[in-house]
Amino acid sequence: MTGAAGEPAVREHTRPVAEETAAAGSGTAAAGPEIATAVPGTALGAELRSQVTEFVPLAVTLDGAGGACVAGVTAEGRWLRPEPVTAAQVAGPDPVYAVHHPVRLPLGPATGDGARPEDRAAAGAPRRAGPPAEPARRAALLAAVADPDVATAFAGGRSAGLVAVRPLGYRHQRSTGGRTFLRLEFTDDTGERFDWIVRDVRLLDAGPGEIALPAGPEAPLLYAAVGLTHPNHRFPGRFRGCHPLVVGLHPADGSPLLPNETSLEGTAGAPGTA
């Protein structure tokens, strides 16, 4: 099957992710009731329907200029990207958005030009919705929502997805503007090779030589959350004028990415929880 313009069809789950991961403890739940609220970006006094929604972040990013972004999946396997997101919500001692920590907030339809299928307007403050699931359930969630390859993850106009990859190597590279970026070279299940900037907030402060993650032909599989920037028309062709990025990295067995990633030991009732 193919989508628009010959693209691979968007993968549809035949049953909710919550069922595939035995939802008790998976960190996902049904959405809450719809509420009428003013969504940022609408005309003064205008109201759009928003819905209190729970999702599990699989991509939490921060760039060198302080720009933050979050994307994750609902219990039904639907990708969402709330906007706006602030640097304070993804970084610091107790960020409300953290990988695998379920959050709940009212979301309405995206109102700006060029909205992607995943984009939603945040109509209220996000709140933690409980602790992260145990590793086995995290692994089941990753397997349930993953697309077979990069092309499928971005099919049908989508700009966020999850793909099983073989990490071949990490390196820091200086751009023409003088900034240094962490890059990951990897292959997806088709064998195609990619070399993309990594924006995972957990790796933001890692300097050259400080990435000790396994890489190479024999390295364990990772799940890479991948995303597209808004079009800037400097990258025409395959990705619709957008810059592709690795926006989250996840060991396939659900274990923490980094040895010091104690946030995945979170408990109910921590600051910021609902």
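This is a predicted model: local features need pLDDT of at least 70, side-chain atom pairs count only at pLDDT 80 or more; totals for chains, interfaces and linings use all residues.
His100 sits in the loop between S4 and S5. His100 counts as buried because its relative accessibility is 5%, and the cut-off for buried is under 20%. Leaving out neighbours within four places in sequence, His100 has contacts with Val56, Pro57 and Leu58, with Pro132 and Ala133, with Arg138 and Leu142, and with His250 and Leu264.

His100 also turns up in the lining of the largest cavity. Rolling a probe the size of a water molecule over the atoms shows where empty space is left. Here the search gives a count of one cavity of 30 Å³ or more, and the largest cavity holds about 30 Å³ of space. Besides His100, its lining takes in Arg202, the run Leu249, His250 and Pro251, then Gly254, Ser255, Pro256 and Leu257, and finally Leu264. Sorted by type, that lining comes out as five nonpolar residues, four polar and one charged. Two of the lining residues, His250 and Leu264, are also among the contacts of His100.

Gln89 lies between strand S4, residues 79-83, and strand S5, residues 103-109. With a relative accessibility of 19%, Gln89 is classed as buried, since the limit is under 20%. A polar atom of the Gln89 side chain lies 3.0 Å from the backbone nitrogen of Thr86. Setting aside residues up to four places away in sequence, Gln89 touches Pro84, Pro95, Val96, Tyr97 and Pro126.

Arg174 gives a contrasting picture. Arg174 belongs to strand S8, which covers residues 160-174. At 59% relative accessibility Arg174 is exposed, because exposed means over 50%. Once residues up to four places away in sequence are left out, Arg174 touches Arg179 and Thr180.

As for cysteines, the structure has zero disulfides. Cys242, by contrast, is buried, with a relative accessible area of 7%.

Key: Residues are numbered from 1 along each chain as its sequence is written. Side-chain values use heavy atoms; hydrogens and water are left out. On a 1 Å grid over the protein atoms alone, a cavity is a set of points where a 1.4 Å probe fits but cannot get out, and a pocket is an open set with protein on both sides within 12 Å along at least five of seven lines; lining residues have an atom within 4 Å of a point. Grid points are joined across faces, edges and corners, and a volume is the space filled by probe spheres set on the points. Ala, Val, Leu, Ile, Met, Phe, Trp, Tyr, Cys and Pro count as nonpolar, Asp, Glu, Lys and Arg as charged, and the others, Gly among them, as polar. A disulfide is a pair of cysteine sulfur atoms within 2.5 Å. Buried means under 20% relative accessible area, exposed over 50%, partly exposed in between (1.4 Å probe, protein chains only). Helices (H or I, at least four residues) and strands (E, at least two) are DSSP runs, numbered from the N terminus. A polar contact is a pair of N or O atoms within 3.5 Å; within protein, one must be able to donate a hydrogen and the other to accept it, and residues adjacent in sequence count only if both atoms are side-chain atoms. Contact means heavy atoms within 4.5 Å.
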